[in-house]
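Come along and check each one with me.

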Amino acid sequence: MNIKIALLGGDGIGPEIVAEAVKVLDRVAAKFFHRIEYHPAPVGAAAIDATGDPYPETTHKVCCEADAVLFGAIGDPRYDNDPAAKVRPEQGLLRMRKALGLYANLRPVSLFDALIDRSPLRADVVRGTDFVCVRELTGGIYFGRPQGRDEGGRRAFDTCTYTVEEIERVLHTAFRLAMRRRRHLTVVDKANVLETSRLWRETAQRVAGGYPDVTVDYMFVDNAAMQIVRCPTQFDVIVTENMFGDILTDEASVISGSLGMLPSASLGDHAALFEPIHGSYPQAAGKNIANPMATILSAAMLLEHLGLNGEGRAVRVSVNRALVEGIVTEDLAAPGARCYGTSDVGDYVAAHI
Ligand code: IPM
Ligand code: MG
């Protein structure tokens, strides 16, 4: 198969971790007789430096023409403490999601057995965790208008909006996913307070009629935050709005042992995009210490999305082997055990495909 991948390293550790995923993909291509073409393009602070725009039109074109996008991370401390910055790297990520119509962000939360003691939660709590959070990605408070300031800058406002159509399409993604899994969907909202949440719940109740085989339950987001760490095995598929999904998945990542383990797939109208759920970890940039596993596992999701299930599986098996053998970065190393570099981990996973 000929595969065209848009390669968007982005900021901080982004380029390093994407490079490790490319190593692994190259090895997959060689072993399974595929041809992978990579098309690098700038995004985030790197793109602001080069062009003044965090998501340049040329980058959008590269994404649209690709079969899939492999993305690293966005964010740069130069902008974080400058509330007056006119343009921010994160705007690039949000515009990219919007422009590519990536409304459904699938974030699987599971645990490799080898890491069971790395989780800050008790082994008996996390053992067997296997759920997917479907996060709505192009609506809600991230995009609602108006947003801004008034009263001479002394009052600020963001607006959360959702249309029935926006809710329905992501619900269908979640229901279809639940049908292929354990047929249990949890709709997470704050319907006791927010009008948008009441529209979510009402829409979910209607859409559920089309999926009689799926058991649906509804949970308020504060309770969900607690249930995810109290008893994560109770979940199969969670579906929720943009910001709730952002927060709950960072929380859920502790189950897997490290924020550096969780991959994601964003699906929508055009090419799908694959990215680790973590950020750009600027303190680690260039030090060869960041964990590349979340990006490597995102590459596995990319392969599976293209129907290459055996190839995706080969990547997962190799990742598992690295974890079992203790070929891990400092975030995962057992106390006193040796830590490996970003590139050592990528080399090992690639070599064992
Ligand atoms: C994520 C990140 C982004 C988000 C940031 C970098 C804008 O936290 O992908 O989860 O909030 O969506
Ligand atoms: Mg986040």
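**Entry 1, the ligand site.** I started with pockets: the largest pocket is the space taken by ligand 1. I keep in mind that this is a predicted model. Next I listed the residues around ligand 1, and they are E90, L93, R97, R107, R135, Y142 and D246. Which helix gives the most to this shell? I found that helix α5, residues 89–99, does, with three residues.

I then went through oxygen atoms of ligand 1 and the polar side-chain atoms beside them. For R135, I read 2.8 Å between a polar side-chain atom and an oxygen atom of ligand 1. For D246, the distance from a polar side-chain atom to a ligand 1 oxygen is 2.9 Å. For R107, an N or O atom of the side chain is 3.0 Å from an oxygen atom of the ligand. How much of the accessible area of ligand 1 does the protein cover? On its own ligand 1 has 320 Å², and I noted that the protein covers 80% of that.

I moved on to the strands. Strand β1 (residues 2–10) runs parallel to strand β2 (residues 35–40), and six bridges join them. To find my place in the pair I used I5, which stands opposite Y38 in β2. Helix α1, residues 14–32, makes a β-α-β unit with β1 and β2, and I noted its hand as right-handed.

L185 has V216 in β9 as its bridge partner. I followed the chain from β8 through helix α8, residues 195–208, to β9, and this β-α-β crossover is right-handed.

Is the peptide bond from R145 to P146 cis or trans? I found it cis, with omega near 5°. P146 belongs to the loop between β5 (130–136) and β6 (148–150). I also stopped at E151, a residue other than glycine with a positive phi, near 50°. E151 lies in the loop that links β6 to β7 (155–157).

Conventions. Residues numbered from 1 in each chain as written. Chains lettered and ligands numbered in written order. Predicted model: local features only at pLDDT ≥ 70, side-chain atom pairs only at ≥ 80, totals over all residues. Heavy atoms only, no water. Pairing = 2+ DSSP bridges. Helix = DSSP H or I, 4+ residues; strand = E, 2+ residues; numbered from the N terminus. Right-handed = clockwise from strand over helix to strand, strands pointing away. Near = heavy atom within 4 Å. Polar contact = N/O pair within 3.5 Å; in protein donor to acceptor, adjacent residues only side chain to side chain. Areas by Shrake-Rupley, 256 points an atom, 1.4 Å probe, with all protein chains shown as cover. 1 Å grid on protein atoms, 1.4 Å probe; cavity = no way out; pocket = protein on both sides within 12 Å on 5 of 7 lines; lining within 4 Å. Sits in = over half its atoms within 2 Å of the grid points.
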